[in-house]
Amino acid sequence: MTARRRAGTALLVAGAVALFASLLQRLGLGPISLLEAGLLAMTPLALAAVGECLNEKAGVVNIGLEGIFMISAVAGVWTAEVFSSGLAGLAGGGLVGALVGAALGAISVYGRADQIIAGMGLNIFALGFIPFLLISLWAFPGIHLFPNELMVPRWFTPLGQISPVTVGAVAVAVLAHLLLHRTVLGFRIKAVGERPEAVDVAGLRVDRLRLFTSTLGGALAGIGGAFLPLGWFGALVKEISAGRGFIALACVVFAGLEPMLALGAALLFGFADGFASAVAVTPGVKERIPFYFVSMIPYITTLVVVALVIGQRRFPRTVGRPYARE
Amino acid sequence: MRGRRRLPRPLIELTATIVAGLAAGALLVFAFGHDPIRAYRALFVGAFGSVQDVLETLAFATPLMLTALTFAVGVRAGLFNIGAEGQMYVGAVGAIAVAGLIPLPPGVHLAAATAAGMVAGGLWAVVPALLKVTRGVHEVISTIMTNWIAFYLSTYLALGFLTGAGRGDSTRPALPTARYPVLTEDATLTAVIFVAVAFCLAVYLYLWGTRAGYELRLAGENPEAARYAGVNAAGVTVMSFVIGGLAAGLAGASQIIGRPPAWALYATLGNVVTLGFDGIGVALVGRNHPLGGVLAAFLFGALAHGGRLMEYQAGVPSELVRALNGLIVMTLAVPELWTLLRRRFAR
């Protein structure tokens, strides 16, 4: 039932998108700018969601993606300023994300933490830590503007500007798919989520595998977080992630932990998000629809799509549970 | 909390958790070039330095005990309702709509505005509840999405329909007939704290004194057993969300009709924003117990109020307090820490 239902939903969504596009054309918002905005918005979602797919396959849940987005956005801009390079900023964001992911993984694996609560703690921490950081680093609360040269340069193509990070995100999804389904490491990751005791008996380290996926997931989310200011917005604000970490989680749930499906979900939610960003600045449209309703679009889309599609998904047997040797 | 075993000596552990959180915070303060001792002294003096400060701390604690209740009732029913934030925004709008727009006789007006806030919060909570029951949508995702939708909806309503004459920075203020009486001249504490505590007490009595409350807890602790006992799981889900929404709605109302000097909702929602998330930490420290939440709220209220003096005297941004809350929650999540501690002490 799921394949058929999924195909039906995809068709429905495609139809809706086409309808939207033609409507927007008449309002003066071209498909090119919509495509640009959608791909930009897809990128952080895809990176974080693909990483989290691997992480959850290994049996660890990280609902602190939102917090990682926020922290790595600041870390990314800071690194970019120090090294005068947007790409260095992405690397810095990825590194900090990896550290936070590893810390959360260690808390889950060695501390046997309630992962949902630990992740929520991370989100709450970030909520306070980000304004604290903004004031501490730049003596200015709420917002920080950085020089435009630090933006990660985009490629100009016939289909509009495309960020190399977007291409990278697609590649990451493909690689994650191959890793998971074609390599020994991938089989081990899946096994550690399903039967950690068997993996343990086989002489492999459950803790190391889980720590590895947590770190990897954190690193990808960190790159995504740094991409928000450096690849997309061109500024740093304290609410920069605006729930996108949770939208990435929705992608993961939607995808049933399959990286390629997560990419598709990120594309869908990214379009809703990019659509909102594009509409908000399009003359002729922004006067007609209140900004507040436009801003709701990605969240409503996420809710509706998740409600329509999810149904029953099978997750790894031990997802969210710490492993202890008997 | 699911599946976590109950630990002895909870008070010692909580103290240790809070100390660990504060120590980690001290590291942060130090790392960014401030003096941690000076910061914490200001934090403490700011929170408890005088009678007025204690009363102000109580004023800060009032919304937190309610948003903590939202999360706690969810956990008791086996749910992870992090929607207090949005339910609180909508509650604040509901309260100000009645308090600012509809003239009513004194007493009636106050009750009506309070009820409007609660009902608005409760109704907003029905959305994720129904999505959960009918479509199996995980409440973490649905409540975050409804939080953001509530944010934009509330801002829209506040700016579009509720703005005061000649001002863009906040809604119209609550009419004097819809304001909770101020308890002292020197603090912003109003009688709304009694309503908040009474609501927490009522939920406690509901959970531990009624059959429906027992079923709710059973569904949270042991869903299998609850099913065999014929507990209506969908009913429990909706009930816990609605109680949580009422609490969050009251929290929103408490910041509007129960808090001078504005008696209004700021256009940026600045006077309610993040109180819902802070409630999660409060609930966890309060062990997801309605009355534990009241006590924990006092602690977090102290941090919030003391943070202002810390910012003023030691130059440490008061937002650090919220980072501390997060660190405390993360420490609380780690049961193995207690095993380690116990072993260390047993030696």
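Helices α3(B) and α11(B) are roughly perpendicular to each other, where angles under 35 degrees count as roughly parallel, over 145 as roughly antiparallel, 65 to 115 as roughly perpendicular and the rest as oblique. The structure is a predicted model, in which local features need pLDDT of at least 70 and side-chain atom pairs count only at pLDDT 80 or more, while totals for chains, interfaces and linings use all residues; side-chain values use heavy atoms, with hydrogens and water left out. Residues are numbered from 1 along each chain as its sequence is written, and chains are lettered from A and ligands numbered from 1 in the order in which they are written.

The axes of α3 (residues 51-76) and α11 (residues 275-285) of chain B cross at roughly 70° and come within 7 Å. Axes are lines fitted to C-alpha atoms, for helices over the stretch in contact, and angles run from 0 to 180 degrees between N-to-C directions. Helices (H or I, at least four residues) and strands (E, at least two) are DSSP runs, numbered from the N terminus. From α3(B), the contact (heavy atoms within 4.5 Å) draws on B:Pro63, B:Leu64, B:Thr67, B:Ala68, B:Phe71 and B:Ala72; the residues of α11(B) include B:Leu275, B:Ile280, B:Val282 and B:Leu284. By class, 10 residues of this contact are nonpolar, three polar and one charged, with Ala, Val, Leu, Ile, Met, Phe, Trp, Tyr, Cys and Pro counted as nonpolar, Asp, Glu, Lys and Arg as charged, and the others, Gly among them, as polar.

Also in chain B, helices α5 (residues 108-135) and α6 (residues 139-160) pack at an angle of about 150°, their axes lying 10 Å apart. These two helices are therefore roughly antiparallel to each other. Their crossing is right-handed; a crossing is left-handed if the near helix is turned anticlockwise from the far one by less than a right angle, and right-handed if clockwise. Among the contacting residues are B:Trp124, B:Val127 and B:Leu131 of α5(B) and B:Thr146, B:Ile149 and B:Leu153 of α6(B). The contact of α5(B) with α6(B) comprises seven nonpolar, three polar and two charged residues.

In chain A, helix α2 (residues 31-57) packs against helix α11 (residues 259-281) at an angle of about 140°, with the axes 6 Å apart. This geometry makes α2(A) oblique to α11(A). The crossing of α2(A) past α11(A) is right-handed. Residues of α2(A), including A:Leu35, A:Gly38, A:Met42 and A:Cys53, meet residues of α11(A), including A:Pro259, A:Phe269, A:Asp273 and A:Phe275. This contact holds 20 nonpolar, three polar and one charged residues.

Between the chains, the contact takes 47 residues from chain A and 43 residues from chain B. Together the two chains bury about 4000 Å², 84% of it on carbon and sulfur atoms; buried area is the accessible area (1.4 Å probe) that two parts lose on being put together, summed over both. On the chain B side, B:Met145, B:Tyr152 and B:Met330 lose the most area to chain A, together 16% of what that side buries.

Two backbone features lie in loops. The peptide bond from B:Pro260 to B:Pro261 is cis, with omega near 0°, and B:Pro261 is found between α10 (233-256) and α11 of chain B. In chain A, phi of A:Ala242 is near 45°, a positive value in a residue other than glycine; A:Ala242 is placed between β4 (236-237) and α10 (244-255).

The model scores ipTM 0.89 and pTM 0.89. Mean pLDDT (the predictor's confidence in each residue, from 0 to 100) is 87 for chain A, with 93% of its residues at 70 or more. For chain B, the mean is 89, and 94% of residues reach 70 or more. Among the elements of chain A, the lowest mean belongs to helix α1 (residues 2-27), at 72, and the highest to helix α3 (residues 65-83), at 96. In chain B, confidence is lowest in helix α14 (residues 336-346), at a mean of 68, and highest in helix α7 (residues 192-209), at 96. Where pLDDT is low, the predicted coordinates should not be read in detail.
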